[in-house]
Amino acid sequence: MTTDPGDLVLDPTCGSGTTAHVAEQWGRRWITIDTSRVALALARARIMGAKYPWYLLKDSEAGQKKEAEVTRRSPSTADTYNDIRHGFVYQRVPHITLKSIANNTEIDEIWAQKQPAVDAARAALNAALKDHPAPFEVQTGGRKGDKIDFTATGEVELPSGEPAPNGGFMEWEIPREAPGDWPDAARTALAEFWKARIARQSEIDASIAAKADHEFLYDKPYEDRKRVRVAGPFTVESLSPHRTQAVNEHGEIIEEHDAAQGKRSPGAQEADNYRSAILENLSKAGIQQADKADRIAFTALTAWPGEWLAAEGRYLEGEVERKAGILIGPEYGTLQRADLMAAAREAVDAGFDILITCAFNYDAHTAETRRLGRLPILQARMNPDLHMADDLRAGGGNLFVVFGEPDIVVKEEGERLRIELLGVDIFKPASGEVVSSEPDDIACWFIDTDYNEESFFVRHAYFPGAEIPYKQLKTTLKGEVDEEAWDSLKRTVSRPFAKPKSGRIAVKVINHLGDEVMKVLGVQG
């Protein structure tokens with residue numbers, strides 16, 4: 001209610017996405033945020049399956065024509081850029097005053113154009129009644145009882161007793177309905193008279209309304225009913241895409257090389273009670289993956305007196321027991337790549353078989369590190385419900401979820417590139433192997449074809465496993481879609497694109513649970 005088209009609306013707790021839905025409908029840009037992946041999934045499905053009216057932009061050729069039609073002026077000849085910030089063409093309510101009518105010179109022009117048809121119809125009516133031999137009476141619009149008497153000679157006498165000019169009706173004396181004994185010629189002339197008079201008055205009324213002062217009805221923009229609008233382009237981000245600097249316990253920026261060597265203490269960032277609550281939930285819930293059979297269930301989980309590692313976890317790989325080092329990320333903040341590297345070095349020195357990291361948020365560049373020497377690194381995302389760990393029933397729900405590394409192939413086609421998504425590498429705890437999943441297990445994947453290491457910009461978007469919302473949209477559009485373009489949404493091989501100027505490509509993959517992983521690829525120019 002307080003914004004204009006093109007304004008940015010922020011909803012920090014979006015729920016099912018009502019704010020985004022309404023903002024999309026009324027041409028506002030929007031950002032919605034929620035801690036729940038379920039809420040984000042609902043909002044995404046709701047917006048993707050919706051259709052909206054196509055409003056006429058004021059800064060468009062169609063909008064200029066409509067504005068000229070409404071205001072009864074010549075269309076503007078200014079260049080148009082389809083900029084939504086200029087708003088829509090709105091319906092309006094006129095404020096009509098005697099001054100606006102008196103100053104409206106267009107009324108004289110309309111009168112000059114329309115009056116000849118009115119006079120011609122009146123003359124035809126008087127002529128038809130003059131030739132009619134039988135006397136009759138017509139009730140006028142004057143005082144009750146006033147009548148006009150037509151004699152056999154066709155002369156008309158007004159209620160004042162004076163003969164009417166030209167021997168017939170004046171314009172204001174002509175009745176709306178013909179008496180029953182009028183001849184057919186008079187009835188036809190009467191119908192033509194009122195048709196011409198109503199057309200004249202409608203033009204005058206429209207001119208008065210257009211030239212008067214008016215109030216815009218901002219909730220009633222004019223629609224182009226031949227078009228239908230769908231949402232987009234938009235993207236869903238689960239993490240901040242920005243790269244952050246490593247800092248020490250005093251908030252001072254330090255070199256990532258020093259951080260990777262473990263030269264900053266995490267003790268000031270993470271309280272013992274926070275670690276204890278996380279480890280208690282981790283012990284009971286285990287580590288979830290897309291397939292329930294790949295869940296890592298710990299047979300034992302004990303505190304580890306390390307500088308970075310918080311615990312030692314033991315689990316079965318078939319019949320063999322394996323040891324996992326556990327790194328717990330900050331309660332509020334993002335786990336940095338430097339922290340992960342420092343913990344991995346500690347895990348290698350301590351002889352662990354695998355490093356499992358648990359964090360609410362990961363720096364985008366942590367996805368580039370999946371192994372340090374012989375040590376596999378498994379990144380588990382913690383459910384935001386764990387912020388209430390003291391009140392949470394330990395072990396409930398999917399509290400720790402792993403989303404593997406995307407299996408990507410870059411194909412060169414001359415000066416252009418394609419990306420093929422083969423699947424996502426998944427760790428199998430029963431065998432210790434890493435296998436690739438099917439592409440249909442992926443909800444959507446995005447490509448930034450020229451990644452600048454600061455923000456991820458969606459330039460390509462594909463939805464190999466997201467069938468339901470698009471099926472709903474296709475039904476909404478009544479099948480009026482380009483089937484070839486529709487099928488391209490489910491690609492696992494991208495459309496060709498130019499080589500990046502930055503020398504980097506970023507690919508982000510999101511699964512059906514809302515978890516995401518990003519992989520950065522270097523490309524030679």
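R314 is partly exposed at 27% relative accessibility, where partly exposed denotes values between buried (under 20% relative accessible area) and exposed (over 50%), with a 1.4 Å probe and protein chains only. The structure is a predicted model, in which local features need pLDDT of at least 70 and side-chain atom pairs count only at pLDDT 80 or more, while totals for chains, interfaces and linings use all residues. Residues are numbered from 1 along each chain as its sequence is written, and side-chain values use heavy atoms, with hydrogens and water left out.

**Salt bridges**

A salt bridge is taken as a side-chain nitrogen of Lys or Arg within 4 Å of a carboxyl oxygen of Asp or Glu. Under this criterion there are 16 salt bridges. Side chains of opposite charge can pair when their charged atoms come close.

| Salt bridge | N to O distance |
|---|---|
| K66 and E69 | 3.5 Å |
| R314 and E312 | 2.8 Å |
| D448 and R459 | 2.8 Å |

E312, the partner of R314, is buried, with a relative accessible area of 10%. The side chains of D448 and R459 also form a salt bridge. D448 belongs to strand 20 (residues 442–448) and R459 to the loop between strand 20 and strand 21 (460–462), so the pair ties together parts that are 11 residues apart in sequence. Helices (H or I, at least four residues) and strands (E, at least two) are DSSP runs, numbered from the N terminus. D448 is buried at 1% relative accessibility, whereas R459 is partly exposed at 41%. Elsewhere, salt bridges that share partners link R72, E106 and E203 in one network.

**Helix 3**

K66 and E69 are both located in helix 3 (residues 61–71), 3 residues apart, about one turn of the helix. E69 is exposed, with a relative accessible area of 54%. The buried residues of this helix are G63, Q64, K66, E67, A68, V70 and T71. These buried residues pack against strand 4 (90–95) and helix 6 (184–211), contact being defined as heavy atoms within 4.5 Å. R72, which follows helix 3, has a positive phi near 60 degrees.

**Nonpolar surface patch**

L8, L10, I31 and I33 make a nonpolar surface patch of about 370 Å². Patches consist of residues with over 30% relative accessible area and no salt bridge, with like charges joined within 9 Å and nonpolar side chains (Val, Leu, Ile, Met, Phe, Trp, Tyr) within 5 Å.

Methods: Areas by Shrake-Rupley, 256 points an atom, 1.4 Å probe, with all protein chains shown as cover.
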